[in-house]
Amino acid sequence: HLITAGNREGDVYTVKDENNYKKLYYTKNNLKGFMLIGDVERAGIYTSLIRNATPLSEVDFELIKDKPQLIAFSSKTRRKELGGAQ
């Protein structure tokens, strides 16, 4: 499986093993793009960060870089992303 979104500008974070490849492109406060090969599960979290131009200062980017999950977002943002409070 392969999924990519955004563009290739800024700093680069890369992780690869025998089955997976991940490359994230980011500036000091925004995710600009990504490429995932292999494990593409939860790619929507990266896509949401790009689409909404969510400042990385509002999320736990260190957690998201390795394992994208909603817990890295504030409770307010999680409610909004899951269709709750505005």
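**Reading the model**

Reply: Gly44 is partly exposed, its relative accessible area being 48%. The model is a predicted one, and every value discussed here is computed from it.

Me: Where does Gly44 lie?

Reply: Gly44 belongs to helix H1. In sequence, 39 residues separate Gly44 from Ala5, while their C-alpha atoms are 9.9 Å apart in space.

Me: Which residues of H1 are buried?

Reply: Ala43, Ile45, Tyr46, Ser48 and Leu49 are the buried residues of this helix. The threshold for that label is a relative accessible area under 20%.

Me: How should I read the sheet, and in what order do its strands stand?

Reply: In general, strands of a sheet pair through backbone hydrogen bonds, and the pairing may be parallel or antiparallel. Here there is an open sheet of 4 strands in the order S1-S4-S3-S2, and the pairing is antiparallel. Strands S1 (2–6) and S2 (11–16) are at the edges; each has a single partner strand, so one side of each lacks a neighbour in the sheet. From one strand to the next, the twist averages 10°.

Me: How many bridges join S2 to S3?

Reply: Antiparallel strands S2 and S3 (residues 21–26) are joined by 6 bridges. In this pairing Val12 is opposite Tyr25 of S3, and Val15 has Lys22 as its bridge partner in S3. Helix H1 (residues 43–51) packs on the sheet, where it touches S1, S3 and strand S4 (31–37); the direction of H1 makes about 160° with that of S4.

Me: Let us turn to charge. How does one read a charged side chain such as that of Lys22, and is Lys22 buried or exposed?

Reply: The general idea is that side chains of opposite charge can pair when their charged atoms come close. Lys22, which lies in strand S3, is buried yet has no salt bridge. Asp66 is the nearest side chain of opposite charge, at 5.6 Å.

Me: To how many salt bridges does the count come?

Reply: The count comes to 1 salt bridge. Lys65 forms a salt bridge with Glu62, and the closest N and O atoms are 3.3 Å apart. Lys65 and Glu62 are separated by about one helical turn, because they stand 3 residues apart in helix H2 (residues 61–66). Lys65 counts as buried, at 10% relative accessibility, whereas Glu62 counts as exposed, at 54%.

Me: What should I look for in the backbone torsions?

Reply: Most residues other than glycine have a negative phi. In this model, Arg42 has a positive phi of about 70° although it is not a glycine. Arg42 is placed in the loop between S4 and H1 and counts as partly exposed, with 42% relative accessibility. Just after H1, Ala53 also takes a positive phi, of about 50°. Ala53 lies in the loop between H1 and H2, and its relative accessible area of 46% makes it partly exposed.

Me: Which residues are in contact with Pro55, leaving aside its neighbours within four places in sequence?

Reply: With those neighbours left aside, Pro55 is in contact with Asn29 and Asn30. Pro55 is located in the loop between H1 and H2 and is partly exposed, at a relative accessible area of 23%. Along the chain, Pro55 and Asn29 are 26 residues apart, yet 5.2 Å separates their C-alpha atoms.

How values were computed:
Residues numbered from 1 in each chain as written. Predicted model: local features only at pLDDT ≥ 70, side-chain atom pairs only at ≥ 80, totals over all residues. Heavy atoms only, no water. Pairing = 2+ DSSP bridges. Helix = DSSP H or I, 4+ residues; strand = E, 2+ residues; numbered from the N terminus. Axes fitted to C-alpha atoms, helices over the stretch in contact; angles between N-to-C directions. Contact = heavy atoms within 4.5 Å. Buried < 20%, exposed > 50% of the residue type's maximum accessible area, 1.4 Å probe, protein only. Lys, Arg positive; Asp, Glu negative; His and termini not counted. Salt bridge = Lys/Arg side-chain N within 4 Å of Asp/Glu carboxyl O.
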